[in-house]
Amino acid sequence: MKEPLVPVVPMSHTAHIRSHRKPRRSATSTIAMRAGVTGGILSMAAAGASASANAAEPVTQTIELPTLTADMATQVAQSADATQQAAANYELRAERDAAAAKAATEAKKDLAEAKKKAEAKKKAAEAARKAAAERATRSAERATLSASASTSTSTTAPASGSVATVVAFLKAQVGDAYVMGATGPSAWDCSSLVQAAYKQVGVDLPRVSQDQSMAGTDVPLSDVQVGDILYWGGKGSAYHVGVYIGDGQYLDAANPSKGVVIQDLSGYPASGAVRVL
């Protein structure tokens, strides 16, 4: 049996070369592909953002605090009360210590003040006793001198021993005060003391130093004797007087700071001297 004949179709000379043209895609396939690509990109972006956020913010672990029970609250309250009480006790003890220290200081101060007052009182009593004894001695000496002077009737030629009487009276006044214008018996100025001393032997002298420098007979200072009146300043204008008592010394009511004292003539040389005994 013979095979049927197949018709032969002539082919192009380029039919054996493969075409490089891409096959056309349908619109539906294109849309689906674009949607898939877009979704993938969005998924990658979301994943990147999540990873960035996770990298920027470290993961922390939350620790659950224990629940404050009634027993724990009571213990905390008791501890706070105990702490407050301890603080109060400490403050009270500090206040007591400070008060005790202050009281001790005050007591020590009071004791020292009491001792000081007692010592001052003792010294004052001793000074008063001594002054009373001196006044009694002076009173006795003055009484003796007055009795001796009352036996003398002469005012120009006193009896023997008159100079000693004058000097004894003057020495009995040592320590008395100097007061301008005073005339005794425990305060004098320079001329009233000299006047009172010579009055003990019946010699009446003027009251003031200027006139006393004019009384009696002038005596050179190189020949001055016990009982002579010394004056400072010009004769007739003297501003101070005293009595020479021997051994280069004189006795006078010096000034308010010294009172009646015995001094060295070399320390305060006189201007002149007169003799009335």
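Buried means under 20% relative accessible area, exposed over 50%, and partly exposed in between (1.4 Å probe, protein chains only). Helices (H or I, at least four residues) and strands (E, at least two) are DSSP runs, numbered from the N terminus. The model is predicted: local features need pLDDT of at least 70, side-chain atom pairs count only at pLDDT 80 or more, and totals for chains, interfaces and linings use all residues. Residues are numbered from 1 along each chain as its sequence is written, and side-chain values use heavy atoms, with hydrogens and water left out.

**Exercise 1.** Determine how many residues of helix α4 are buried.

Solution. Step 1: α4 covers residues 190-199. Step 2: eight of its 10 residues are buried, including C190, L193 and Y198.

**Exercise 2.** Locate D176 and classify D176 as buried or exposed.

Solution. Step 1: D176 sits in the loop between α3 (162-172) and β1 (177-178). Step 2: D176 counts as buried because its relative accessibility is 4%. Step 3: its side chain forms a polar contact of 3.1 Å with that of W188. Such a contact is a pair of N or O atoms within 3.5 Å; within protein, one must be able to donate a hydrogen and the other to accept it, and residues adjacent in sequence count only if both atoms are side-chain atoms.

**Exercise 3.** Find the strands that pair with β6 (two strands pair if DSSP finds at least two bridges between them).

Solution. Step 1: β5 (residues 240-246) pairs with β6 in the antiparallel sense over three bridges; V243 has L251 as bridge partner. Step 2: β7 (residues 260-264) runs antiparallel to β6, joined by five bridges; A253 has V260 as bridge partner.

Conventions. Two strands pair if DSSP finds at least two bridges between them.
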